[in-house]
Amino acid sequence: MRITDIHGCEVRPGQLVEWTLDPVMVEAATSQPDDSRPPAYVQESHIRTARSVREDGLFVPTWLGAAFDIAGPVDLDRLEAALRTWTLRHETLRSGFRWVGDEMRRFTASSDAVALRREVVGDFPDADELSIHLQNRFDVAADALGWPNFLYTAVVRDDCTSVYMAFDHSNVDAYSLQRIPSEISELYAARAEGRAEESGPVGSYVDFCEIERASADQVDDTHAIVARWREFIARCDGRLPAFPVDLGLEPGGGLPEQKLLYEMLVDDADAAAFSAYCRPYGGGQIGVLAATSLIVHDIGGEPVYRTVVPLHTRAKSRWAESVGWYVGGAPIEIPVAGAPGFDDALTMVRAALRANKSLAHLPIARVLRLLGSDFRPTSPDLYSIVSFVDARDIPGARQWDAQKAYAMLRVSYGDQVCAWFTRLHGGLQLAIRYPDTAIAHKNIHRYVEQLRELITSVARSGPARPAAQGRREHALPAPRLSSEATRLTL
């Protein structure tokens with residue numbers, strides 16, 4: 001699925017229908033005794049950050065969503081049944097949190113209590129008005145500080161129905177969203193065709209939260225992983241790393257509004273050739289990080305590229321089909337000033353990831369708590385990221401274009417740069433969220449254009465040769481520009 005915002009999802013006119021959890025169910029669920037299973041560290045950090053930013057006077061929506069079409073006239077009763085069945089599969093969707101003093105306590109509704117309430121909102125003949133309405137509605141219904149914190153909608157037409165589903169990030173990650181079009185469509189089709197729904201047991205993210213937290217809580221501040229994070233953060237001047245180019249931010253200023261740039265970076269042929277070139281070093285993810293390290297050095301001049309690489313934590317098959325936020329982070333440092341060319345950067349990134357991949361098993365929020373520093377979050381993003389996902393093997397991926405399937409980001413406020421690379425059957429897609437300043441706009445667009453040029457040049461230069469056979473003389477396809485030549489001065 002391509003990543004975009006609600007305005008890039010081909011929203012078309014139609015009749016809007018909503019499904020929320022039934023108010024009777026909500027009242028019963030929130031009256032339940034505490035569920036002893038704690039929040040995951042990533043959930044707690046996310047919700048505490050939202051509360052902290054809200055207390056500072058700024059409402060920062062952070063929901064994620066999925067959009068896709070179901071062809072032909074749609075039976076809303078069958079669609080509602082499919083949505084309910086899917087909700088029942090994933091325990092995190094009937095589990096929320098309440099505050100007791102400064103402590104987060106979980107509550108969870110029983111599966112037999114799950115009920116949806118359907119409401120016909122009305123006709124929207126104007127697509128822009130509809131997309132704005134959906135965004136505003138999701139902002140309220142998928143709020144990190146409320147529960148329930150998700151909403152299902154459908155825009156109904158005679159020829160097809162578009163489904164839009166939004167969730168607070170505490171419930172989902174990108175992989176969770178990418179499975180939705182196939183799963184909901186299959187549940188709907190099974191009911192429409194009168195056949196049994198194919199469904200095995202799905203692991204509970206709520207169970208995962210308990211298991212992961214129990215493991216993390218056994219680690220103290222003397223652990224080697226904590227020591228390595230401490231050293232990394234010290235080399236980042238006591239902070240988690242930002243994107244190392246000038247973003248035009250005022251020191252001590254408030255959170256700026258953000259913009260989203262999204263496009264197909266290169267087509268399938270160039271993406272495949274680039275991945276093949278990088279395969280001796282580890283593949284496309286290594287290649288994207290290596291290219292990024294070279295380019296941000298050219299633009300920003302920093303001799304070492306430091307970042308936290310998102311890595312999934314679905315280590316066991318029981319979590320493979322589970323909806324949840326299964327993401328950790330590994331810190332890497334690339335001394336890119338010492339990389340004469342692309343092959344050298346590939347070697348550095350591969351070595352850094354191999355050395356630090358295991359650090360992602362300990363949640364970053366647990367690390368920060370053990371470090372004892374004041375990491376009171378003032379931004380919804382603790383650090384900048386460059387994420388890479390090869391989505392081609394996800395069920396239904398070949399139908400995404402026909403289904404008009406998208407993963408949605410809410411773009412609001414933030415002072416970091418977050419880039420998501422998705423390998424699709426049609427090529428390599430990039431979505432990048434960044435502060436809406438003139439300097440950031442020019443530097444981020446410069447980064448994207450240089451990235452496209454580098455990937456294309458590598459793809460068309462032929463496969464990489466193993467190091468034992470000698471390094472290619474033209475490993476970096478285009479001449480490196482000096483940092484002084486490319487640094488923006490406005």
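Me: In what order do the four strands of the open sheet stand?
Reply: This is a predicted model, in which local features need pLDDT of at least 70 and side-chain atom pairs count only at pLDDT 80 or more, while totals for chains, interfaces and linings use all residues. Residues are numbered from 1 along each chain as its sequence is written, and side-chain values use heavy atoms, without hydrogens and water. Strands (E, at least two residues) and helices (H or I, at least four) are DSSP runs numbered from the N terminus, and two strands pair if DSSP finds at least two bridges between them. The pairing in this open sheet is mixed, and the order is β9-β15-β14-β12.

Me: Which strands stand at the edges of the sheet?
Reply: An edge strand here has a single partner strand, so one of its sides is left without a neighbour in the sheet. The strands in this position are β9 (258-267) and β12 (385-390).

Me: Which residue in β14 stands opposite D390?
Reply: β12 and β14 (residues 418-424) pair in the parallel sense over six bridges. Opposite D390 stands R423.

Me: What angle does the direction of helix α9 make with that of β12?
Reply: Helix α9 (residues 284-300) packs on the sheet and touches β12, β14 and β15 (427-435); contact means heavy atoms within 4.5 Å. Axes are lines fitted to C-alpha atoms, for helices over the stretch in contact, and angles run from 0 to 180 degrees between N-to-C directions. For α9 and β12 the angle is about 155°.

Me: What angle does the direction of helix α13 make with that of β9?
Reply: Helix α13 (residues 438-459) also packs on the sheet, where its partners are β9, β14 and β15. Its angle with β9 is about 10°.

Me: How far apart are the end C-alpha atoms of helix α10?
Reply: The expected span of a helix is 1.5 Å times one less than its number of residues. Helix α10 (residues 342-356) has 15 residues and should therefore span 21 Å. The model agrees, for the end atoms are apart by 21 Å.

Me: At roughly what angle do the axes of α8 and α10 cross?
Reply: F274, Y277 and C278 in α8 meet F342, D343 and L346 in α10. The two axes come within 11 Å and cross at roughly 70°. Angles of 65 to 115 degrees count as roughly perpendicular, so α8 is roughly perpendicular to α10. The crossing angle is roughly 70°.

Methods:
Parallel < 35°, antiparallel > 145°, perpendicular 65-115°, else oblique.
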